[in-house]
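User: I would like a close look at a single part of this model. Keep it brisk, please.

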Amino acid sequence: MAIELRVPTILRTYTGGAKAVTGDGADLAAFIDDVNGNHPGLKERIVEGDPEELRRFVNVYVNDEDVRFTGGLKTEVKDGDVVVVLPAVAGGSVSTV
């Protein structure tokens, strides 16, 4: 068994169109590194900076828990966990009535 990453539509170009991919790691940072090894470019859409942090407008959940409240990239993960990445969506239009 492995850790599953559920990939949003906007990031599926990095996973060959796959809705979910798997990887391993003791914490979220190691898991993202492992997944990025098979799907280059994915990490840069989730993590930024030095020291590395989650991107501001990307929400990440491990088993439905927001990692911002469980340790961020240091959140522990284990076999059978499900990691979900949800990029923030903004926009709209201005009415010119």
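Which residues does Val-83 touch, not counting residues up to four places away in sequence?

Analyst: Val-83 touches Ile-3, Glu-4, Leu-5, Arg-6, Leu-28, Phe-31, Val-60, Tyr-61, Val-62 and Val-77, with residues up to four places away in sequence not counted. A contact here means heavy atoms within 4.5 Å.

A word on the basis. This is a predicted model, in which local features need pLDDT of at least 70 and side-chain atom pairs count only at pLDDT 80 or more, while totals for chains, interfaces and linings use all residues. Residues are numbered from 1 along each chain as its sequence is written, and side-chain values use heavy atoms, with hydrogens and water left out.

Now the setting. The protein chain has 2 helices and 7 strands, in the order β-β-α-α-β-β-β-β-β. These are DSSP runs numbered from the N terminus: helices are H or I with at least four residues, strands are E with at least two.

Val-83 belongs to the largest nonpolar core, a group of 21 residues. Such a core is a set of buried Ala, Val, Leu, Ile, Met, Phe, Trp, Tyr and Cys residues joined through side-chain atoms within 4.5 Å. Buried means under 20% relative accessible area, exposed over 50%, and partly exposed in between, with a 1.4 Å probe and protein chains only. The residues with the most contacts inside this core are Leu-5, Leu-28, Phe-31, Ile-46, Val-60 and Val-83. Strand 1, helix 1, helix 2, strand 5 and strand 7 each give two or more residues to the core. Helix 1 gives the most, with 4 residues. In soluble globular proteins, nonpolar side chains tend to be buried together.

Across the protein chain, 35% of the 97 residues count as buried. Of the contacts with a separation of 6 or more, 47% join residues 24 or more positions apart. The C-alpha trace spans about 55 × 30 × 25 Å along its principal axes.
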